[in-house]
Amino acid sequence: MLVRIDPASKVPLFEQVAASVRRAVADGDVRPGDQLPPARTLAASLEVNVHTVLRAYALLRDEGLIELRRRRGAVVTGGAETWARLHGLVGELVTEARRAGLDPDELNALIRRRYA
Amino acid sequence: MTQVRARILLATLGIPAVAAGLAGWLRLRWADRLPDPVAVHWGAGGEPDGAASVDTITVALFCAGGALALLGATLALVALRRGAAVLRWLLGFYAWLAALPSAALVSTLWANLGAESWRAAADAGWSLVLLLGGSAVAALLGALVGPSVPARRGAGEGGDRPSIGLAPGQRATWTGGSTNRWLAASFLPAPAVLVAIDLAGAADVPLFLYLVVTVPGLAITAALSRLRAVVDSTGVSVRMGWFGLPRRHLPLADIAHADADRLGMLAMGGFGVRVNPVTGDTGYVLRGGPALVLSLRSGRRVFVTVDRPEQAAGLVNDLLHQRSTAPE
């Protein structure tokens, strides 16, 4: 599982950590039942405060992606599969967009218009 | 490339051929001073206890030398073709092996020199010195003549190395590993056999025997069933087993670059912490399949069997790049 943060970004660090975990779950890098690294280890590796990681884990727990257990730490839940499905759909969407000759910005604009 | 190939052939075929030529010339020169048959085998006390005709041992040893030389040359050329490392001393070893029969011929004939019959042949002692010394010279020449070719893989241009596109200022860490549940369960048959013996009434199995079999089995398989690796800006850490032992930390400063590769099931000769004394490579191996390959600045490599190693290799390369471009 790759966790990447950019301290220069406007997005809060705990959001960036959570986003990395979300992507790892969607990509199948971590599967339901897998343990995430202990918050203290992850914080040390990323050179951030341990509370930043704990906040990210709490956010992911609220989203239903992970469970926080007393002894085993953060464990990926079964519900995380939803993300995998979403990821598959996005993959199809990108393939279709490529075939139609759309570049990423155009596809992005299309999605944004839908959301609005 | 042709020059490299010529030097390999010179070491693996040329030197044994020179040795064979020398042996043949000596055999002809000594022809009238040799008994026939000659002593070819010596007992533990140094007394000759076996004989063969001069022509038989000459032909047999030349055939053996020729076959070994062809084998060595083929192995070296195949290794070169496949991009594996061809090491100088390995060519020396091939030259030694192929020159050994010729050296054996010379030393055998030398021991028989001037003897009335094969039973009067000299002690094996000095012949042995001649045999080892002569073949050692061939080994040395082979190593001197032979080229040292580093492994092609990993030594290529840096353009196609894995990368995760880590931008300057970004921080990242990768956590991963692998498990091998089959390996963890591999000790279970041992106590099962004891139970079977006990139930069949073949023998009364005492309780302590179960402990003797089960406890070390559990400990060893626990140590070998799980592997975790962490990549961050300090380097790469590898921890094996449920206890995290053995563990190793490779500082980023020691690493030249990283790749993702597939490891054959027996590529490192088994499971566990494997060290190849020839290449200096180390493997933390739980299974065959995808592995992170770290090429160290010392020229050695470290293999770690982790699932999906591409990101790990990419992150190591990007961190190395970040390090080399960062202002001190």
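**Entry 1**

I take a residue as partly exposed when its relative accessible area falls between the buried limit, under 20%, and the exposed limit, over 50%. I note that the model is predicted. By that rule B:Arg308 is partly exposed, because its relative accessible area is 31%. I looked up B:Arg308 for its backbone: its phi is positive, about 45°, although the residue is not a glycine. I located B:Arg308 in the loop between strand E11 (301-304) and helix H8 (309-325) of chain B.

I then turned to chain A, where A:Glu47 also has a positive phi, near 55°, in a residue other than glycine. A:Glu47 sits in the loop between H2 and H3 of chain A. A:Glu47 counts as exposed because its relative accessibility is 52%.

I recorded a cis peptide bond from B:Asp36 to B:Pro37, with omega near 5°. B:Pro37 belongs to the loop between helix H1 (2-29) and strand E1 (38-42) of chain B. For context, most residues other than glycine have a negative phi, and most peptide bonds are trans.

**Entry 1: salt bridges**

My search of the whole structure returned seven salt bridges over all chains. I examined several of them.

In chain B, the side chains of B:Arg287 and B:Asp307 meet at 2.7 Å, N to O. B:Arg287 lies in the loop between strand E9 (282-285) and strand E10 (289-296), and B:Asp307 in the loop between E11 and H8, so the pair ties together parts that are 20 residues apart in sequence. B:Arg287 is buried at 12% relative accessible area, whereas B:Asp307 is partly exposed at 32%.

In chain A, A:Arg99 pairs with A:Glu96, with the closest N and O atoms 3.4 Å apart. Both lie in helix H4 (residues 81-99), three residues apart, about one turn of the helix. A:Arg99 is exposed at 64% and A:Glu96 partly exposed at 48%.

I also noted the bridge between A:Asp62 and A:Arg61, at 3.6 Å between the closest N and O atoms. A:Asp62 is exposed at 60%, and A:Arg61 is partly exposed at 40%.

I found about 1,400 Å³ of space in the largest pocket. Of its 50 lining residues, those closest to the centre are A:Gln35, B:Thr175, B:Gly176, B:Arg226 and B:Arg228. E3(B) gives the largest share of the lining, six residues. Elements that each supply at least two lining residues include helix H3 (50-62) of chain A and strand E4 (226-232) of chain B. I sorted the lining into 18 nonpolar, 18 polar and 14 charged residues.

Lastly, I noted that chain A is divided into domain 1 (13-80) and domain 2 (83-115), with their C-alpha centres 27 Å apart.

Note on methods: Residues numbered from 1 in each chain as written. Chains lettered and ligands numbered in written order. Predicted model: local features only at pLDDT ≥ 70, side-chain atom pairs only at ≥ 80, totals over all residues. Heavy atoms only, no water. 1 Å grid on protein atoms, 1.4 Å probe; cavity = no way out; pocket = protein on both sides within 12 Å on 5 of 7 lines; lining within 4 Å. Points joined across faces, edges and corners; volume = space filled by probe spheres on them. Helix = DSSP H or I, 4+ residues; strand = E, 2+ residues; numbered from the N terminus. Nonpolar A, V, L, I, M, F, W, Y, C, P; charged D, E, K, R; others polar. Domains from an automatic or database assignment. Buried < 20%, exposed > 50% of the residue type's maximum accessible area, 1.4 Å probe, protein only. Salt bridge = Lys/Arg side-chain N within 4 Å of Asp/Glu carboxyl O.
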